[in-house]
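This briefing goes through one protein model by topic. Please keep the sequence and the coordinates open while reading.

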Amino acid sequence: MKRILLLLIVMFPFFSCGKKAALPYETDKIAAPSGGEVGIVFIKHGSLALDYNDFHIQIDPVSKQDGMTIDYSKFPKADLILVTHEHFDHLDADAVKTLQKGGTRVLLPQGSFDKLGFGEVVAEGDSFEVEDFVRVDVVPAYNTTEDHLRFHPRGLGVGYVLTIGGLKVYVAGDTELIPEMAALADEHLDVAFLPVNQPYTMTVGQCLDAARLIRPRILYPYHYSDTPVRQVADSLADSSIEVRIRQMQ
């Protein structure tokens with residue numbers, strides 16, 4: 001009897017709450033204009049998880065990143081999955097399938113759809129009212145430097161502007177500084193994720209120019225590998241942009 005009682009006491013924490021166990025990643029919570037908070041989980045590289053009012057969003061979920069394995073079965077099932085493009089560090093069929101449940105929407109560009117075999121194809125300029133508190137706008141993402149065009153030619157990938165409870169979040173995807181970013185200056189972005197790792201995405205200088213152009217309230221450099229992103233924070237220290245460095249190598 002004592003043995004059974006001890007076993008029940010040990011097991012109780014696992015059954016006392018329906019929520020998933022705490023995950024070993026950095027997280028932030030940002031107040032949403034409509035009330036409540038948008039939670040952000042900084043998983044790795046280009047992989048992010050966002051949640052608001054028990055609505056769960058996964059962006060570019062990938063199970064293996066630079067020797068690190070992400071167990072997506074420990075995350076809540078996703079209501080919405082966004083894929084920016086088809087490269088292996090952004091599209092992982094196993095991760096997507098692990099996160100799916102009945103009713104999960106998967107938005108992705110054509111090349112990613114061709115590889116994954118399912119989802120809703122998106123293109124620049126598309127907009128989706130996913131819920132009354134979640135809107136997704138699809139924006140361009142591509143390389144502009146001549147000898148880097150082969151990495152991300154225009155049409156391969158996209159970026160996303162999410163409006164979640166009134167909070168505007170720009171996830172740029174794999175892109176350099178592009179002319180279309182000028183339109184985002186009028187969006188009053190609360191949060192921007194800008195990639196910083198040449199030759200594939202931006203240099204530190206391009207990231208700074210992009211940040212000054214779109215003027216987000218909070219900037220997260222991401223997808224940065226070995227890039228010295230502290231330079232971004234130092235260079236914008238006297239600006240109105242708050243730069244937050246998280247583990248997104």
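The points below cover strand pairing, nonpolar cores and salt bridges.

The model is predicted. An open sheet of seven strands runs in the order 10-11-12-13-14-15-16 with mixed pairing. The largest nonpolar core holds 60 residues, and a search of the whole structure finds eleven salt bridges.

- Strand 13 (residues 167-171) and strand 14 (residues 191-195) run parallel and are joined by three bridges.
- Within this pair, Val169 has Val191 of strand 14 opposite it.

- Strand 1 (residues 26-31) is antiparallel to strand 2, with six bridges between them. Thr27 has Val41 of strand 2 as its bridge partner.
- The hairpin of strand 1 and strand 2 has five residues between the strands, and Gly35 there takes a positive phi near 105°.
- Strand 2 also pairs with strand 3 (residues 47-52), again in the antiparallel sense, over five bridges. Asp51 in strand 3 stands opposite Gly39.
- The hairpin of strand 2 and strand 3 has two residues between them, and His45 in the turn has a positive phi of about 60°.
- Seven of the eight residues of strand 2 (residues 37-44) are buried, so strand 2 is largely enclosed by the rest of the structure.

**Nonpolar cores**

- In soluble globular proteins, nonpolar side chains tend to be buried together.
- In the largest nonpolar core, the residues that touch the most other members are Ile57, Tyr170, Phe193, Leu194 and Leu219.
- Helix 4 supplies the largest share of this core, six residues.
- Beyond its neighbours within four places in sequence, Ile57 is in contact with Leu48, Ala49, Leu50, Leu80, Leu82, Val134, Leu162 and Ile164.
- Another core, of 17 residues, lies apart from the largest one; Ile43, Phe75, Leu91 and Val106 are among its members.

**Salt bridges around Asp28**

- Arg244 and Asp28 form a salt bridge through their side chains, at 3.3 Å from N to O. This pair links distant parts of the chain, with Arg244 in the segment after strand 16 and Asp28 in strand 1, 216 residues apart.
- Are these two partners buried or exposed? Arg244 is buried because its relative accessible area, 18%, is under the 20% cut-off. Asp28 has 10% relative accessibility and therefore also counts as buried.
- Arg246 and Asp28 meet in a salt bridge as well, at 3.0 Å from N to O. Arg246 lies in the segment after strand 16 and Asp28 in strand 1, so this pair ties together parts 218 residues apart in sequence. Both Arg246 and Asp28 are buried.
- Glu242 forms a salt bridge with Arg244, with the closest N and O atoms 2.8 Å apart. Glu242 counts as partly exposed, at 39% relative accessibility.
- Salt bridges with shared partners join Asp28, Glu242, Arg244 and Arg246 into one network.

Key
Residues numbered from 1 in each chain as written. Predicted model: local features only at pLDDT ≥ 70, side-chain atom pairs only at ≥ 80, totals over all residues. Heavy atoms only, no water. Pairing = 2+ DSSP bridges. Helix = DSSP H or I, 4+ residues; strand = E, 2+ residues; numbered from the N terminus. Core = buried A, V, L, I, M, F, W, Y, C linked by side-chain atoms within 4.5 Å. Buried < 20%, exposed > 50% of the residue type's maximum accessible area, 1.4 Å probe, protein only. Contact = heavy atoms within 4.5 Å. Salt bridge = Lys/Arg side-chain N within 4 Å of Asp/Glu carboxyl O.
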